[in-house]
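Trainee: I have a structure open and want to go through it piece by piece. Can you take my questions as they come?
Mentor: Go ahead.

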Amino acid sequence: MTATVLITGAGSGIGLAVAQRVVSRGARAILWDISGQALTAAQQELGAAVETAVVDVSDAGAIAGAPLEGVTHLVNNAGVLGQRMEWGALDAEHLQGILDVNVVGLMMVTQAFMKARVPHPQAAIVNLSSIAGENGGAPGFAAYGASKGAIMALTRAMARDFAPDLRVNALAPGIIDTPIQDAVMTAPNARAQAAEGIPLGRLGTADEVAGTAEWLLFDAPYVTGEILKVAGGRR
């Protein structure tokens, strides 16, 4: 049975890398992203094996109207870092926006997936958390760290609630060299300095995270409720 994988935040970075791996193994992919331009480029690269839709996961109406035909697997990848905010200058509206995408959006996408999904012998969900969910994240990005910690808790709850028909796991990437890092690493030598704190001595790649996601989706039949770090040894 051919798998069909819904991937959110699939226009670039880790989401696109997961889509590339899904298609390369002969499966179909449904790609959601807020950038129509990025989705057009992904469609041109990956061809007829993918279907795309512009979807903001913080918009319940957009989720309800988006394509899900034949979906069997889910990768909850969409997420935002948010702006750097010190404790004396927190903005409630901006904080809520981070939670609406990273936490509420993940839950609403999962609800839509559960209603639409077609049973599959390897059915699985992979959520994208972060080591920031454990270490609190970079200074000024506490809301991001809190949202990723929530994803860890949700993953364990989902694994319990959806068993035995569906496995649910999360990835906790470390510092991965994707565009989201640009908001944090503004200094010219920031990436080199960050690499010094990683035991493997370098930033990770989107494909390395995607490869681990692929394993959890299709090749880990007795793994559920786990948070797997992809961080080069960084804690």
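Trainee: Where does Glu93 lie?
Mentor: In this predicted model, Glu93 is part of helix α4.

Trainee: Is Glu93 buried or exposed?
Mentor: Exposed, because its relative accessible area is 69% and anything over 50% counts as exposed.

Trainee: What caps the N-terminal end of that helix, α4?
Mentor: Asp91 does. One of its side-chain oxygens lies 3.1 Å from the backbone nitrogen of Glu93.

Trainee: What span should α4 have, going by its residue count?
Mentor: Helix α4 runs over residues 92-116, which is 25 residues, so at 1.5 Å a residue it should span 36 Å. The C-alpha atoms at its ends are 34 Å apart, which agrees.

Trainee: Where is the kink in α4 centred?
Mentor: On Asp100, with an angle of about 40°.

Trainee: Which residues of α4 are buried?
Mentor: Ile98, Val101, Asn102, Val103, Gly105, Leu106, Val109, Thr110, Ala112 and Phe113.

Trainee: Why would residues three or four places apart point the same way?
Mentor: An α-helix has 3.6 residues a turn, so positions with that spacing point the same way.

Trainee: What do the buried residues of α4 pack against?
Mentor: Strands β1 (4-8), β2 (28-33), β4 (73-76) and β5 (124-128), along with helices α3 (60-64) and α6 (142-162).

Trainee: Changing topic to cavities. How many are there of 30 Å³ or more?
Mentor: There is 1. The space in the largest cavity is about 50 Å³.

Trainee: What lines the largest cavity?
Mentor: Thr8, Val57, Asn76, Asn77, Ala78, Val101, Asn102, Gly105, Leu106 and Val109. Helix α4 gives the largest share of that lining, 5 residues.

Trainee: And the largest pocket, how much space lies in it?
Mentor: About 1100 Å³. Its lining has 42 residues, and Gly79, Leu81, Tyr144, Thr178 and Ile180 lie nearest the centre. Elements giving two or more residues to the lining are α1 (13-24), β2, α5 (132-135) and α6.

Trainee: Which element gives the largest share of the pocket lining?
Mentor: α1, with 3 residues. That helix has 12 residues and reaches 17 Å between its first and last C-alpha, close to the 16 Å expected at 1.5 Å a residue.

Trainee: Which residues of α1 are buried?
Mentor: Ile14, Gly15, Leu16, Ala17, Val18, Ala19, Val22 and Val23. After α1 comes Gly26, with a positive phi near 90°.

Trainee: Now α6. What covers its buried residues?
Mentor: The cover includes α4, β5, α5, β6 (167-173) and β7 (227-230). Among the buried residues of α6 are Tyr144, Ser147, Ile151, Met158 and Phe162.

Trainee: How many residues does α6 have?
Mentor: It has 21, and it reaches 30 Å from first C-alpha to last, close to the 30 Å expected.

Trainee: Where is Pro164?
Mentor: In the loop between α6 and β6. Most peptide bonds are trans.

Trainee: Last two. Is Glu214 buried or exposed?
Mentor: Buried, because its relative accessible area is 14% and the cut-off is under 20%. Glu214 sits in helix α8 (residues 206-218). Leaving out residues up to four places away in sequence, Glu214 touches Arg21, Arg25 and Asp219.

Trainee: And Arg234, what is it in contact with?
Mentor: Beyond neighbours within four places in sequence, Arg234 is in contact with Ile131, Ile175, Gly197, Ile198, Pro199 and Lys229. Arg234 lies in the segment after β7 and is partly exposed, with a relative accessible area of 27%. The C-alpha atoms of Arg234 and Pro199 are separated by 6.3 Å, although the two are 35 residues apart along the chain.

Definitions and conventions
Residues are numbered from 1 along each chain as its sequence is written. This is a predicted model: local features need pLDDT of at least 70, side-chain atom pairs count only at pLDDT 80 or more; totals for chains, interfaces and linings use all residues. Side-chain values use heavy atoms; hydrogens and water are left out. Helices (H or I, at least four residues) and strands (E, at least two) are DSSP runs, numbered from the N terminus. The expected span of a helix is 1.5 Å times one less than its number of residues. The bend at a residue is the angle between axes fitted to the seven residues ending there and the seven starting there. Buried means under 20% relative accessible area, exposed over 50%, partly exposed in between (1.4 Å probe, protein chains only). Contact means heavy atoms within 4.5 Å. A polar contact is a pair of N or O atoms within 3.5 Å; within protein, one must be able to donate a hydrogen and the other to accept it, and residues adjacent in sequence count only if both atoms are side-chain atoms. On a 1 Å grid over the protein atoms alone, a cavity is a set of points where a 1.4 Å probe fits but cannot get out, and a pocket is an open set with protein on both sides within 12 Å along at least five of seven lines; lining residues have an atom within 4 Å of a point. Grid points are joined across faces, edges and corners, and a volume is the space filled by probe spheres set on the points.
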